[in-house]
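Subject: The structure, and what I found in it

Hi,

Here is the structure I promised to hand over. Please open it beside this email and follow along.

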Number of protein chains: 2
Amino acid sequence: MELFEERGFEGTTVADIAERAGLTKRTFFRYFGDKREVLFSGTELLEAGFVEAIAAAPADASPLDAVAAGLDAMADRLQDVGDAGARKRQAIIAANPDLQERELIKMNGFATAAAAALRDRGVTEPAASLAAEAGIAVLRIAFARWIEGPPGQDIHELLHESLVELKAVAA
Amino acid sequence: MELFEERGFEGTTVADIAERAGLTKRTFFRYFGDKREVLFSGTELLEAGFVEAIAAAPADASPLDAVAAGLDAMADRLQDVGDAGARKRQAIIAANPDLQERELIKMNGFATAAAAALRDRGVTEPAASLAAEAGIAVLRIAFARWIEGPPGQDIHELLHESLVELKAVAA
């Protein structure tokens, strides 16, 4: 990440990253498919925690509230990374169209995973997909406010505010 | 489009497309950046009509209802293409990860354009972005039902049903 900031994403080679991390290139490729994956390595974990929390939501939670429980779990992890780290990562992604595409694909994956988790809870379609997509819309907007806003905001609160706002918008 | 169906997207060259359309390659490239653009050439028009209809919605329409007016305009054009045409296009896109990425980027563009159109109507953030994203979620789900469901469905009705469902999910 430091290297991407110093040299730009395009200007950083896998050899550079491996050297800075004290790894051989071979070891690097055992963990990452390519250098893009360095930026997205946390996403699978984020998705796993998100899906788990949707599954674990109270049985009587509405579909959207189950997704909100998932977002809350996601917020725990994001808050650990912190807005400063998230802001750096976003600056690297914003500078590179390939990375923006990858980011969109990951977000789309979150929505697909959330819809599947809701169907496992017995939610029918199209409610499952709509609640999932609406939840990801809430995430995207809260996340943007987190990294664009003043340092030190709590992403949990921003997610909660965005959810309330979504409910108002759809009322 | 016929060629993509016959030979697959990868197996079709720009020369093939130009020949079938009775164009020189040079003329082809005057209209399209690459062969992917052939599949997405209608998208700009779709977005323009969408944004125009949001701007033209009654002044007292809620943000989400203004987006719904935009979706209705989009449905007019989609209904002209028909579900058979949309289904063929989707089959080509589904078979190619590059095209799926492009499709996600276009959908993301719709949401960005809708949020801007809402801000022009005086809607503040985050309501503008949330209503825009929620509207695109409605579009995606209605569109999937249109092309996956029985032939001859009216996309207007599916959009309307998805919107009602979104309101129920968010209630």
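What share of the 171 residues in chain A is buried? Buried residues make up 32% of them. Keep in mind throughout that this is a predicted model.

**Chain A as a whole**

Start with the overall build. Chain A has nine helices and zero strands. Its pattern along the sequence is therefore written α-α-α-α-α-α-α-α-α. Along the principal axes, the C-alpha atoms of chain A fill a box of roughly 50 × 35 × 25 Å. Now look at the contacts in chain A with a separation of 6 or more. Of these, 59% are between residues 24 or more positions apart.

Chain A is divided into two parts: domain 1 (1–31) and domain 2 (39–170). Their centres, taken over C-alpha atoms, are separated by 28 Å. Domain 1 of chain A puts five residues into the contact, and domain 2 of chain A puts in six residues. On the domain 1 side, the residues divide into three nonpolar, one polar and one charged.

Is A:E6 buried or exposed? A:E6 counts as exposed, because it has 11 C-beta neighbours inside 10 Å, and the cut-off for exposed is 12 or fewer. A:E6 and A:I147 are 141 residues apart in sequence. In space, they are 20 Å apart, C-alpha to C-alpha.

**Helix 5 of chain A**

Next, check the length of a helix. Helix 5 of chain A has 19 residues, so at 1.5 Å a residue it should span 27 Å. Its end C-alpha atoms are 28 Å apart, which agrees. If you try the sum yourself, multiply by one less than the number of residues.

Which residues of helix 5 of chain A are buried? Among them are A:P63, A:L64, A:G70, A:L71, A:M74 and A:L78. The buried residues of this helix pack against helix 4 (35–56), helix 6 (83–94), helix 7, helix 8 and helix 9 of chain A. They also pack against helix 9 (155–170) of chain B.

**Where the two chains meet**

Now bring in chain B. A rotation of 180° superposes chain A on chain B, with 0.0 Å of shift along the axis and an RMSD of 0.0 Å. That is the relation of a two-fold axis. In chain A, the C-alpha nearest the axis belongs to A:A134, 2.9 Å from it.

What does A:A134 touch, leaving out residues up to four places away in sequence? In chain A, it touches A:L64 and A:L166. In chain B, it touches B:A134, B:A137, B:L166, B:V169 and B:A170.

**Other places to look**

Two peptide bonds deserve a look. The bond from A:E125 to A:P126 is cis, with omega near 5°. A:P126 is in the loop between helix 7 and helix 8 of chain A. In chain B, a cis peptide bond joins B:E125 and B:P126, with omega about 5°. B:P126 is in the loop between helix 7 (97–120) and helix 8 (127–148) of chain B.

Finish with B:A21, in helix 2 (residues 14–21) of chain B. B:A21 has 13 other C-beta atoms within 10 Å, so it is partly exposed. B:A21 and B:V169 are 148 residues apart in sequence and 47 Å apart in space, C-alpha to C-alpha.

Best wishes

Key: Residues are numbered from 1 along each chain as its sequence is written. Chains are lettered from A and ligands numbered from 1 in the order in which they are written. This is a predicted model: local features need pLDDT of at least 70, side-chain atom pairs count only at pLDDT 80 or more; totals for chains, interfaces and linings use all residues. Copies are superposed by least squares on the C-alpha atoms of residues with pLDDT of at least 70 in both. Two residues are in contact if their C-beta atoms, placed from the backbone, lie within 7 Å. Helices (H or I, at least four residues) and strands (E, at least two) are DSSP runs, numbered from the N terminus. A residue is buried if 20 or more other C-beta atoms lie within 10 Å of its own, exposed if 12 or fewer, and partly exposed in between; C-beta atoms are placed from the backbone. Domain bounds come from an automatic or database domain assignment. Ala, Val, Leu, Ile, Met, Phe, Trp, Tyr, Cys and Pro count as nonpolar, Asp, Glu, Lys and Arg as charged, and the others, Gly among them, as polar.
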